Amino acid sequence: MENEKKELDQYTRNVLEQGVSRRNFLRNSAFGAVGAGLLSVPGMASTAAKAGADKKEEAFGKSSDGAATLPFLPRPKPIAEKEITATHTFDVVVIGAGAAGVPAALAAAESGARVAVIQKAPFALSQGNTGSGIDLAHSEKAGVEALVAKICEDSSHRCNPALIRQWAYNSGEAVSWVIDRAKQGGSPVIDQGNQQHGDVMELSGYKLNWVTSFFGPKPYTTGDGMRHLAITAEKAGVQFFYNTPAEQLVQSKSGEVQGVIAKDRDGKFVRFLAKKGVILATGDYQNNKPMCDYFVPDVKNFGRKQMGKTGDGFVMAYWAGGVIEPIGHTKMLHDFDGGPAPMCDMPFLSVTRDGKRFVNETVAMSVTNNYLRDAKNAGHYAQIFDADYMTQAQGWPGKAIPPEGLKNYMPDVEGPKKGVFPSLTNTHVANTLEELAGKLEVDPVQLAATVKRYNELVALGKDDDFGKPAKYLKPVVKAPFYGIHRTVRVSAICSGMLVNENHQALDGEGKAIRGLYVIGNLGGGFYGGVDYPLTVYGLSLGRCYTFGYLAGRHVAKL
Amino acid sequence: MKTKFFAILMLLCVALGTGFATTAAKPADPSKADLLAAKHSAAGITCAQCHGNAAKKQPVPASTCATCHDRKTLAESTAKMNPYNPHDNRHFGIEGDCNECHHQHKKSQNRCDECHKFNFVVP
Ligand SMILES: Cc1cc2nc3c(=O)[nH]c(=O)nc-3n(C[C@H](O)[C@H](O)[C@H](O)COP(=O)(O)OP(=O)(O)OC[C@H]3O[C@@H](n4cnc5c(N)ncnc54)[C@H](O)[C@@H]3O)c2cc1C
C-alpha cells in the first residue's frame with residue numbers, strides 16, 4: 001500500500017491529505033478518542049469510540065469561522081428492502097443528464113453497453129453555448145503543450161496536469177463526435193473552429209487549431225443541445241428515467257459500488273443496478289448554501305445562474321468513500337447577457353453601484369467578482385463609455401459592437417431581440433450622465449465626480465489612481481453616453497471529487513473505488529485557481545464532453 | 001417605593017390586558033385572509049387533504065398539488081402570459097415545483113425575478 005502511495009502524483013497525494021473524506025474524519029476522530037482515554041475501557045471501546053467519532057466529525061466539519069458544519073453531507077438513511085418498488089439492471093448507470101452525463105451514456109451505448117440515465121429534472125438539462133477541443137491533426141505538439149502549460153498557470157498550478165493533457169489530446173475527437181451525434185438528433189449545432197480562439201492561438205507562436213461546438217445562438221443552449229443528443233442516445237438504446245433524482249448508492253460490504261437507489265416521480269424508491277459501473281455526473285453544488293459556505297465562502301453574496309444544483313453527487317460519492325477536494329474551490333462567475341460578450345474584457349471606465357472606480361479595468365471579467373464580494377455590490381458593476389467608443393476602442397482586446405448592435409442588449413429599446421435572453425439584457429444609452437446613472441442604478445452624484453476625475457487622468461495621460469496603461473485612457477465627454485450594467489453571478493463551481501485518469505473515484509487511501517466513476521464539474525483535478533480561467537472559451541463544456549466520452553467508453557468495455 | 005412598584009405593575013397589566021383584548025376581538029388576522037391557505041380553506045379543502053393525518057404535519061410535495069391542478073391544463077391556462085409561460089418554462093418544462101413560488105401560509109413570491117424581470121403577479 002505504501003509503495004502504491006509513493007507512486008501517486010503530488011496533486012493526488014495532496015488531496016488525499018487535505019481533502020474531505022470519511023477516512024480523514026475517522027483518522028481524526030480516532031486520535032480524539034484515544035486522547036480522551038476512551039479506548040482503554042474494555043468492552044466499551046467500539047461504541048465509545050464511535051460516539052467520539054460522531055462528535056469529532058462535527059468538529060472537523062467546521063470551517064475556520066465556525067459557520068459551516070457538515071450536515072451538508074448527511075449520512076444516507078437506510079432504505080428497507082420492502083420500500084424498493086422496482087429493480088432494473090443495466091451494464092452502466094449514468095446519474096445526471098447534463099453536459100457530461102449524456103455524452104457518457106451515448107458513448108457507453110455505442111461501445112455495446114446497456115445503459116440507463118437517471119435524471120433529476122424532467123428532461124436533460126445543461127447550460128452555456130461553447131465547448132472546445134483541440135484539432136490535433138492541425139496542431140503542433142509544442143503548441144498543445146504550451147496550452148497545457150498555460151491552463152496549469154491559469155489554475156495557479158494547483159490542477160492535475162495529467163487531466164489537462166487528457167483533455168488536450170482527446171478533446172478534438174470528443175467534441176467532433178458530440179457535434180456529429182447532436183446533429184443526428186436534430187440539433188442546429190455548428191463547428192465554429194477557430195472563431196472564438198484568436199487570442200489564445202497567438203499565445204506561444206506554435207500552431208494550434210480548434211474544434212468548437214456552438215450550441216446556439218441563445219435562447220438555444222447546451223441544454224437544448226443535450227436534449228437533442230439524448231434523442232440520438234435513445235435511438236442507440238439508452239433508457240432515460242426523468243424526474244428520478246438519485247438518492248444513494250448501492251455498495252457491497254467490500255466497498256464496490258453496484259448501483260443506485262433513486263426516487264421516481266411518485267416518491268417511490270427504484271433501484272438501478274449497474275453490472276459494470278455507475279457514472280456520477282450531477283454537476284456542481286452552487287444551490288447548497290452550507291456547502292458553499294464551507295468550500296467556497298467567497299460566493300456568499302453572489303446570485304446563482306443554475307437551480308437545483310444541491311451537490312447530491314458529492315454526498316453520494318463521499319459516503320461511498322470518495323474524497324472531496326480541500327476548501328478553496330474554484331468558482332466561475334460571469335455575465336455575457338447584460339451586454340455583448342466580446343465587450344466584457346474591454347478596459348472601459350468601470351464603476352461600482354456607488355459610482356466609484358474600483359479596479360484597473362484591464363482586469364478580466366472572469367476575476368472582477370473578487371472586488372464585488374460584499375452584500376451591497378454582490379457582483380454588480382457598470383462599464384461606461386461615450387459616443388466615440390467605436391474609434392476609441394480600436395486595437396483593444398475583444399471587439400466593440402456598433403451602436404446599432406448595442407440596441408439588441410437594451411431593455412428600454414422596443415423591438416425583438418436576437419441571440420440574447422431579453423430579460424437579462426442591461427445595456428443603456430442616455431443623453432446625460434445623470435440619466436445614464438439612473439438607468440444603470442448607479443449613484444449619480446458620485447458617478448459625475450468619478451467621470452470628472454477620470455477625464456482629468458485622461459488629460460494627464462497617466463492613470464495615477466489605478467495604473468491603467470495610457471492607451472486605454474479615453475475621455476467620457478460626448479453624448480450620448482453608454483453603459484453596460486453587468487451582474488456576475490455564479491455560473492458554476494468547478495472543484496469536485498478526487499479521480500484517477502480513468503475518472504474512477506479514489507478512496508481516502510488512494511485506491512480506486514470499484515464501480516464508481518465521476519465526470520463533469522463533480523470531478524476534481526481540472527482547475528484549482530481562485531477563478532475559472534477564460535483563456536480558452538468553452539474549456540468547461542469541452543472538458544465535460546471529453547471526459548464523458550472517455551469514461552463512457554472505458555466503463556462499457558470493462 | 002412600594003407604591004411606585006405597584007403602580008408600574010398595574011400599568012403593565014393594563015397594557016397587556018388591552019393588548020390581549022384587541023387581538024381577541026378580531027375574528028382572524030386580516031393579513032392572512034389573502035393567503036392561499038385561506039383560499040383553499042374557503043373552497044372547503046381541509047388541512048388533512050394536503051398535509052395528511054400524521055401527528056406531525058408533513059410538508060406538501062408538488063405532486064399533491066397536481067392531484068387537483070393538472071399540470072398540462074394549468075400550463076395551457078397560462079400559455080399566453082407575457083413574456084413567457086411560467087408553467088411551461090425552459091428550466092422545468094411543465095414539471096416545476098409549485099412550492100418555489102406559491103406559498104400557502106406566507107406570501108407567495110416570484111422566483112423568476114431573482115434573475116429575470118418578468119413582473120408576474122403570483123397568487
Ligand atoms: C449561464 C451559463 C453559461 C455557461 N456558458 C458556458 C460556455 O459557453 N462554455 C463553457 O465551457 N461552459 C459554460 N458554462 C459552464 C458549463 O455549463 C458547466 O460547467 C457544465 O454544464 C457542467 O456540466 P456537468 O455535466 O458537470 O453538469 P450539468 O450540465 O449541470 O448537468 C448535471 C445534471 O445532473 C442532474 N442532476 C443533479 N442532481 C441529480 C440527482 N440527484 N439525480 C439525477 N440527476 C441529477 C441535473 O439535473 C443536470 O441535468 C456556463 C454556465 C452557465 C450557468
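1. A salt bridge is a side-chain nitrogen of Lys or Arg within 4 Å of a carboxyl oxygen of Asp or Glu. In this predicted model, Asp224(A) forms such a bridge with Arg90(B), and the closest N and O atoms are 3.3 Å apart. Between chain B and chain A the count is 2 salt bridges.

2. The interface may be described further. Contact involves 13 residues of chain B and 17 residues of chain A. The size of an interface is often given as the accessible area lost when the parts come together. Between chain B and chain A, about 1200 Å² is buried, and carbon and sulfur atoms give 51% of that area.

3. Within chain A, helix H7 (residues 161-184) packs against helix H17 (residues 539-556) at an angle of about 85°, the axes being 8 Å apart. H7(A) is therefore roughly perpendicular to H17(A). Residues in this contact include Trp167(A), Trp177(A) and Val178(A) of H7(A), together with Phe547(A), Tyr549(A) and Arg553(A) of H17(A). By class, the contact of H7(A) with H17(A) comprises 11 nonpolar, 5 polar and 3 charged residues.

4. The crossing of H15(A) and H16(A) is right-handed.

5. Which residues of H15(A) and H16(A) meet? Leu433(A), Glu434(A) and Ala437(A) of H15(A) meet Pro444(A), Leu447(A) and Val451(A) of H16(A). The contact of H15(A) with H16(A) has 5 nonpolar residues, 1 charged residue and no polar ones.

Terms used:
Residues numbered from 1 in each chain as written. Chains lettered and ligands numbered in written order. Predicted model: local features only at pLDDT ≥ 70, side-chain atom pairs only at ≥ 80, totals over all residues. Heavy atoms only, no water. Left-handed = near helix turned anticlockwise from the far one by under 90°. Helix = DSSP H or I, 4+ residues; strand = E, 2+ residues; numbered from the N terminus. Contact = heavy atoms within 4.5 Å. Nonpolar A, V, L, I, M, F, W, Y, C, P; charged D, E, K, R; others polar. Buried area = accessible area lost by both parts, 1.4 Å probe. Axes fitted to C-alpha atoms, helices over the stretch in contact; angles between N-to-C directions. Parallel < 35°, antiparallel > 145°, perpendicular 65-115°, else oblique.
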